[in-house]
Structure formats: structure tokens, C-alpha cells
Amino acid sequence: QVQLLESGGGLVQAGGSLRLSCAASGRIFSINAMGWYRQAPGNQRELVARITSGGTTNYTDSVKGRFTIARDNAKNMVYLQMNTLKPEDTAVYYCNADLRKGRYYPLSTYWGQGTQVTVSS
């Protein structure tokens with residue numbers, strides 16, 4: 001089994017910062033891209049940031065310059081540093097990873113259960 005476990009969510013005032021962490025564990029042979037998505041009430045889940053195994057990153061426009069994604073390949077972890085938070089960043093944040101469970105396994109996508117981020121005005 002593969003598990004993605006997020007941590008670091010919480011309540012913060014506008015302008016504040018939070019750091020999310022996600023640990024991938026279980027039967028993992030290799031991990032390609034890892035990322036963070038978010039879903040606010042009544043909205044579809046959207047990409048926040050994504051990082052490849054080589055370190056190439058991409059961000060949704062609304063978080064560019066405020067959020068930074070990073071990963072530790074040795075620990076199978078991905079992080080999201082969120083600065084200058086705004087009330088519109090309030091959402092459940094989900095960790096995501098594209099990985100193989102073995103050399104000849106197909107590339108599959110796994111999700112964490114999510115962590116709530118609430119930004120008060």
C-alpha cells in the first residue's frame with residue numbers, strides 16, 4: 001500500500017505563513033512529479049504547485065511569488081511554503097504524487113486525505 005500523509009495546516013491571519021508537509025510511504029519504487037492541489041467549498045479541486053523529480057516547478061498564477069514548493073527525494077517528501085496568505089487561499093490542501101510501486105508497475109497517481117488551511121481576514 002502507498003500512503004500520502006499531509007501535515008501543517010491550520011488557522012492563520014491574512015498576511016501570515018504556513019508550511020505544509022507531505023510524506024509518501026509504503027511500497028514505492030520511484031516518484032515522478034509531486035504536487036499540491038486545493039479545493040474550496042463549492043469549487044473544483046485545482047492545482048496549486050507541482051514539482052518534478054528533477055526539481056522543475058510550476059505554480060498557478062494566483063500563488064506565484066507567495067508560495068514555494070520543494071521536495072526531498074531521499075525522504076519521499078514534498079513541502080509547500082505559503083507566505084502572505086490571503087482569505088481566498090482558504091481550502092483543503094491535498095498532496096499528490098505520480099509514482100511506481102515497482103520497476104514494471106505502471107505510473108499511478110496517489111492522493112493524501114487533505115489538510116485544512118483557513119486564512120482569516
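## Pairing of β1 and β3

In this predicted model, β1 pairs with strand β3 (residues 18-26) in the antiparallel sense, over six bridges. Strands are DSSP runs of E with at least two residues, numbered from the N terminus, and helices are runs of H or I with at least four residues; two strands pair if DSSP finds at least two bridges between them. Within this pair, L4 stands opposite A24 in β3, and S7 stands opposite S21 in β3. The covered face of β1 carries V2, L4 and E6, whereas Q3, L5 and S7 are on the uncovered face.

The model is predicted, and local features need pLDDT of at least 70, side-chain atom pairs count only at pLDDT 80 or more, and totals for chains, interfaces and linings use all residues. Residues are numbered from 1 along each chain as its sequence is written, and side-chain values use heavy atoms, with hydrogens and water left out.

## The four-stranded sheet

β1 and β3 belong to an open sheet of four strands, in the order β1-β3-β8-β7, with antiparallel pairing. The edges are formed by β1 (2-7) and β7 (67-72); each has a single partner strand, so one side of each is left without a neighbour in the sheet. On average, neighbouring strands of this sheet are turned by 15° against each other, direction ignored. The axes behind this angle are lines fitted to C-alpha atoms, for helices over the stretch in contact, and angles run from 0 to 180 degrees between N-to-C directions. Strands of a sheet pair through backbone hydrogen bonds, either parallel or antiparallel.

## The largest nonpolar core

The largest nonpolar core has 28 residues, of which W36, L80, M82 and Y93 touch the most other members. Such a core is a set of buried Ala, Val, Leu, Ile, Met, Phe, Trp, Tyr and Cys residues joined through side-chain atoms within 4.5 Å. Buried means under 20% relative accessible area, exposed over 50%, and partly exposed in between (1.4 Å probe, protein chains only). Two or more residues come from each of β1, β3, β4 (30-39), β5 (46-51), β7, β8 (77-82), β9 (91-100) and β11 (115-120). The largest share, five residues, is supplied by β9.

Contact is defined as heavy atoms within 4.5 Å. Apart from neighbours within four places in sequence, the contacts of M82 include L18, L20, R66, F67, Y93 and V117.

## R66 and D89

R66 is found in the loop between β6 (57-59) and β7, and D89 lies in the loop between β8 and β9. Both are buried: R66 has a relative accessible area of 9%, and D89 one of 1%. Their side chains are joined by a polar contact of 2.8 Å. A polar contact is a pair of N or O atoms within 3.5 Å; within protein, one must be able to donate a hydrogen and the other to accept it, and residues adjacent in sequence count only if both atoms are side-chain atoms.

Not counting residues up to four places away in sequence, R66 touches Q81, M82, N83, T84, L85, K86 and D89.

## Positive phi in two loops

Most residues other than glycine have a negative phi, and most peptide bonds are trans. N76, in the loop between β7 and β8, has a positive phi near 55° and is partly exposed at 23% relative accessibility. T84, in the loop between β8 and β9, has a positive phi near 50° and is partly exposed at 47% relative accessibility.
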